[in-house]
Each structure stands twice: as C-alpha cells, then as structure tokens.
Amino acid sequence: MSLVIKRYIPLAITFIMGFTMVIATYFLAPDTPAREASTLLTATVDILVVTAGVLGLVALLRHHSVNISRRGRYWQYSIITIAGVVFYLIIGFYGVATHERYYMYASELFSWFYSDVYVHMDATIFSMLAFFIASAAYRAFRLRSVEASVLLIVGALMLLGRAPIGAVIWEGFPTIAQWLLDVPNAAGNRAITIGIAVGAISLAIRQLLGVERGYLGPER
Amino acid sequence: MSTSKGAGIDRRYLYILLFILASIPILYPLNLPVTIGEHSRLVFELTDALPAGSIVVSSFDFGPATITENRPQAKAHLFHCKELGLRVVAVAFWAAGGPLGHSVLTDVYGEGYELSEEYGTEIVFLGYIPGAEVGMQTFGDDPWQAKGTDHFGTAIADLPLMQEVRSAADVDLWGEWTSGTPGEQQVIQFVQGRHQGENPGWPETGYMPLVVGSTAVSVPGMMPFYQAEQILGILNGLAGGGEYELQLVDAYDYALVAALPLLDSQSVGHVLIIVFIAIGNIGWAISKSGGGRGA
C-alpha cells in the first residue's frame with residue numbers, strides 16, 4: 001500500500017498530466033474547446049502554489065522552532081526569523097481585515113516594511129557584488145594561459161564598450177563590444193541553449209515514462 | 001586574512017577606493033557623452049511606431065536586488081507608452097514584482113492612479129500572477145483564467161480594457177523587465193511560441209513582438225533569441241536604461257531620469273576594475289619572475 005501511494009500514484013499523475021499537456025500543446029489547435037480545457041488545467045496551478053506556500057510556512061516555522069529548542073547552530077537567528085514571519089503575518093492579516101479594497105497594500109505598515117525596509121536591504125546586499133567583483137578582478141584575472149588571456153582581453157573590451165567612458169577613450173570600443181555580443185557570444189550561447197534544450201527534452205521523456213524517478217525522493 | 005593575492009594589497013583598501021571613486025561622479029557628474037546602442041534604439045523605434053491605442057503588456061519580473069537596473073528601464077518604457085497613448089496591461093510573474101510594479105506605475109501615472117479615470121481603460125495592473133512559467137502560459141492563453149481580479153481586488157470583467165485582452169493574440173507588444181526566471185525565455189517558450197502567427201499585425205516571423213529590459217549579466221544569453229527575431233530589442237542593464245532615457249529626453253523632455261546620472265559612476269567603476277586587473281597582473285608577473293609561485 002505504501003509503495004502504491006509513494007511511487008505508483010505520483011508516477012501515474014506525472015504521466016497523465018504530462019501526456020495531457022503534450023497533446024494539448026502540440027496536437028490541439030488554438031481556440032478549440034479541448035485546448036481551452038487545457039488552459040483551465042494550467043490555471044489550477046494557483047491551488048498548488050497556495051498549498052505549497054502554507055507548507056513552506058509550516059516547514060520554516062518547524063525547522064527554526066526545533067533549532068531554538070535544541071540550541072542548534074545560530075539559534076539566535078532562528079528567533080529573528082520566526083519573529084519576522086509572525087510579525088509580518090500579523091500586520092498583513094490586520095490590514096486585510098480592516099480594509100475593504102487594497103489587498104496587497106492593505107496596511108501602510110505592511111507596505112512600509114516591504115518598500116522601505118526589505119527593498120533597500122535586498123538591494124544593498126546585491127550592490128556589494130560590485131566590491132567582490134573588483135576584488136576578484138584584481139586577484140583572479142591572470143594572463144597565465146592563452147585561454148585566460150583571451151578571456152581577460154574580451155572582458156576588458158566589454159567593460160570599456162558598455163560604459164560611456166569607452167567611447168570617450170576611443171569610439172571603436174562600443175562597436176567592438178556590440179560585435180562580441182552579437183557574433184562570438186551568440187554562437188557560443190546558441191550551442192549551449194540547444195544542448196540544454198535537447199537535454200531537457202530527454203529528461204522530460206524519462207520523467208513522463210517513469211524511468212527518471214529522482215524527483216520522488218530516495219527509494220526505501 | 002583579507003590580503004589579496006598578487007601584489008599583496010589588503011582588499012579592504014580596494015573596497016574603499018571603489019566606494020570613493022564610484023561615489024564622486026554621483027555627487028559631481030562628469031557628463032560623459034552617452035552613445036545610443038542598436039539594441040536600445042530598436043526598443044525605442046519599435047515602441048514609437050505603435051499606433052495610439054495599441055495594447056502593451058508590461059511584465060515586472062524582477063526583485064529588489066536589481067531595481068537599479070530594471071526599474072529605470074520599466075519606468076522609461078511605461079512613460080513612452082503613456083506619451084504615445086498606448087494602453088498598458090501591467091503584470092508580475094515574480095511575487096516581489098507586484099509591489100515594485102505598483103511603485104513604478106505610481107511614478108509614471110501618478111499617486112492613486114488606480115482611482116483615476118484612465119484606470120481600467122488606458123492602464124490596468126493585474127499584479128502578481130502565481131505559477132511562474134505555468135502562470136505565464138495561462139496568461140498568454142487566457143488572461144481571464146490567470147487572474148480573477150486586478151492588483152486592487154477589482155474583477156477583471158469590470159475593467160473595460162480587459163474585454164479586449166482575451167489572449168496573447170490581442171497583444172501588440174510585450175515589454176519584459178526581468179532579472180531571472182521566469183523571464184524573457186519563458187515568455188518566448190510559453191507565450192510567443194504557443195501563439196505564433198495569431199495576429200496579422202505582428203512581424204513576418206509571426207512572433208508576438210517582445211522587447212526586454214534585463215540585467216547586463218543576463219543579456220549574453222539572449223542573443224540567439226535576438227538574432228532569431230524572437231526578441232526585437234534589448235535594454236542592456238543600467239547602460240541600456242540610460243540610453244533609452246536619453247532618447248526620451250530628446251523626444252519628450254523626459255524628467256524621470258534615473259539611470260543616466262549613474263552612468264558616469266559606472267564608467268569610473270569599469271575603469272577602476274581594469275586598473276585592478278592590470279595591477280594584479282603586474283604584481284603576479286613580478287612575483288613569478290622573482291621565483292615565487294604567483295597567485
């Protein structure tokens with residue numbers, strides 16, 4: 001019974017849903033009732049997303065509660081995480097309960113924390129990349145081989161070609177940067193993209209047929 | 001511990017130097033001339049050529065981490081749409097894109113735009129549509145199935161503009177402002193590919209016209225799609241946003257510039273990185289010629 005629930009039913013769902021979407025996408029004409037029915041099927045993804053959201057919330061709270069109770073690694077941060085989640089839930093629900101129209105902006109406090117706290121913190125963290133890139137450029141870019149030299153020269157040309165100062169130094173830099181992007185880069189990326197697509201198709205076929213079962217978790 | 005390999009300079013000095021030199025042009029602009037690249041010019045020309053009343057989808061698929069690059073792009077393009085009398089259906093397939101999109105729309109259409117007369121006829125904001133690429137596919141097939149209400153809780157059926165948007169075939173231009181997945185490749189795969197040739201007004205390829213504003217680091221991966229004319233124009237990072245703003249300044253006296261003032265700082269940062277590379281290599285060469293292992 002356990003094997004049926006854990007293996008066979010998920011495999012059957014994967015096969016039926018996947019096969020249905022393949023038929024709908026490649027064999028049904030647009031604006032036909034059957035194709036529109038398949039759209040209704042994809043629209044039900046909202047149910048999965050909401051369910052996953054609740055499961056994620058429960059898992060997050062459970063994980064950090066256990067970490068605090070066991071005084072695990074960095075348990076102090078777990079307190080901050082739980083406090084943040086609970087606080088944001090409270091002001092969100094309060095806003096929805098007290099306002100009639102604005103769902104996402106139900107509460108000014110909710111909006112303020114997002115726009116004036118979270119947005120700036122996230123942007124700040126990402127901005128630090130500039131410093132790491134500068135440091136990495138100094139430490140890692142070396143003319144130690146032909147390949148590394150080509151990489152370094154192309155990188156320098158792109159840096160100059162994609163900023164206004166490049167054209168001030170020499171007006172040919174933007175043209176070279178554009179050519180590098182349009183020709184050698186496009187050729188390499190096209191090969192990679194096609195390779196990934198072929199790999200994804202083969203993986204999808206293996207999953208549909210139940211050959212690839214890694215997504216179901218370890219077999220016990 | 002924080003000493004960089006090579007010339008033996010503490011990396012904290014590099015950080016301080018970068019911070020100071022990149023900050024100076026923000027306070028005291030160098031006013032370096034900006035060259036408008038082909039990719040940005042094509043986005044402008046394509047948008048400019050649309051007749052008034054055309055329907056544009058503007059999709060905010062980015063998070064706070066990349067607002068420096070994506071926000072000016074989206075804002076400038078929306079301003080352009082507004083000036084041309086294009087009708088905009090704004091969406092977000094990233095949860096974080098919902099509030100950010102609302103903020104951009106507020107900048108362009110004014111505070112309380114959702115209560116204005118033009119809301120529902122000229123502009124609609126559907127907000128966040130969950131499901132990533134599946135949400136995109138549903139939206140392309142039937143926007144009414146993808147979202148029952150707009151960002152503010154109004155039923156889609158009550159928005160006159162949405163009466164004309166029943167599938168991707170009704171879209172004249174899709175503006176994708178993105179920094180990851182779902183982004184332009186998912187639009188191509190799940191919207192453009194499924195509706196090829198459904199609108200006689202689209203280009204000869206039959207693809208729904210798609211322009212993209214993206215972080216500079218993602219643009220190299222888009223070039224195969226650009227050459228296949230699945231993407232018709234690209235705003236490449238901060239520079240792309242600045243180039244678009246410059247075209248708007250020339251054509252419409254655009255006052256909301258956000259990327260242009262930062263391009264001088266970007267120039268200084270790029271030159272500094274090249275100088276760092278040169279110093280690092282000189283230090284490495286010296287240490288190597290002196291019998292050391294180098295970095």
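## Chain B overall

Of the 295 residues in chain B, 54% are buried. The model is a predicted one. The secondary structure of chain B amounts to 10 helices and 6 strands, and its C-alpha atoms occupy a box of roughly 75 × 35 × 35 Å along the principal axes.

B:Gly201 and B:Gly280 lie 79 residues apart in sequence, and their C-alpha atoms are 55 Å apart in space. B:Gly201 belongs to the loop between α7 and β5 (210-214) of chain B. This glycine is classed as exposed because 10 other C-beta atoms lie within 10 Å, and a residue with 12 or fewer such neighbours counts as exposed.

## Nonpolar core

The largest nonpolar core contains 97 residues. Within this core, B:Ala90 and B:Val91 have the most contacts. Leaving aside residues up to four places away in sequence, B:Ala90 touches B:Ser58, B:Phe60, B:Gly101, B:Leu105, B:Val124, B:Phe125 and B:Leu126.

## Packing of α1(B) against α10(B)

The axes of α1(B) and α10(B) come within 7 Å and cross at roughly 150°. The two helices are therefore roughly antiparallel, since angles over 145 degrees are assigned to that class. The crossing of α1(B) past α10(B) is right-handed.

On the α1(B) side, the residues in this contact are B:Leu14, B:Leu18, B:Leu21, B:Ala22, B:Pro25 and B:Ile26. They meet B:Asp264, B:Ser265, B:Val268, B:Gly269, B:Leu272 and B:Phe276 of α10(B). Classified by residue type, the contact of α1(B) with α10(B) comprises 9 nonpolar, 2 polar and 1 charged residues.

## Interface between the chains

Between the two chains, 60 residues of chain B are in contact with 49 residues of chain A. On the chain B side, the elements giving two or more residues are α1 (11-27), α3 (67-84), α4 (97-109), α5 (132-141), α6 (143-146), α8 (223-227) and α10 (263-289). The largest share of that side, 15 residues, is provided by α10(B).

The residues with which chain B touches chain A divide into 29 nonpolar, 25 polar and 6 charged.

## Backbone geometry

Most residues other than glycine have a negative phi, and most peptide bonds are trans. Several sites in the two chains depart from these patterns. A cis peptide bond, with omega about 0°, joins B:Thr181 and B:Pro182. B:Pro182 is placed in the loop between β4 (173-178) and α7 (184-192) of chain B.

Positive phi values occur at two sites described here. A:Arg71, a residue other than glycine, has phi near 50° and sits in the loop between α3 (45-69) and α4 (75-98) of chain A. A:Arg71 is exposed, as 9 other C-beta atoms lie within 10 Å. B:Asp253 is likewise not a glycine and has a positive phi of about 55°. This aspartate is located in the loop between α9 (237-252) and α10 of chain B. B:Asp253 counts as exposed because it has 7 C-beta neighbours inside 10 Å.

Note on methods:
Residues numbered from 1 in each chain as written. Chains lettered and ligands numbered in written order. Predicted model: local features only at pLDDT ≥ 70, side-chain atom pairs only at ≥ 80, totals over all residues. Contact = placed C-beta atoms within 7 Å. Helix = DSSP H or I, 4+ residues; strand = E, 2+ residues; numbered from the N terminus. Nonpolar A, V, L, I, M, F, W, Y, C, P; charged D, E, K, R; others polar. Core = buried A, V, L, I, M, F, W, Y, C linked by C-beta atoms within 7 Å. Buried ≥ 20, exposed ≤ 12 C-beta atoms within 10 Å, placed from the backbone. Axes fitted to C-alpha atoms, helices over the stretch in contact; angles between N-to-C directions. Parallel < 35°, antiparallel > 145°, perpendicular 65-115°, else oblique. Left-handed = near helix turned anticlockwise from the far one by under 90°.
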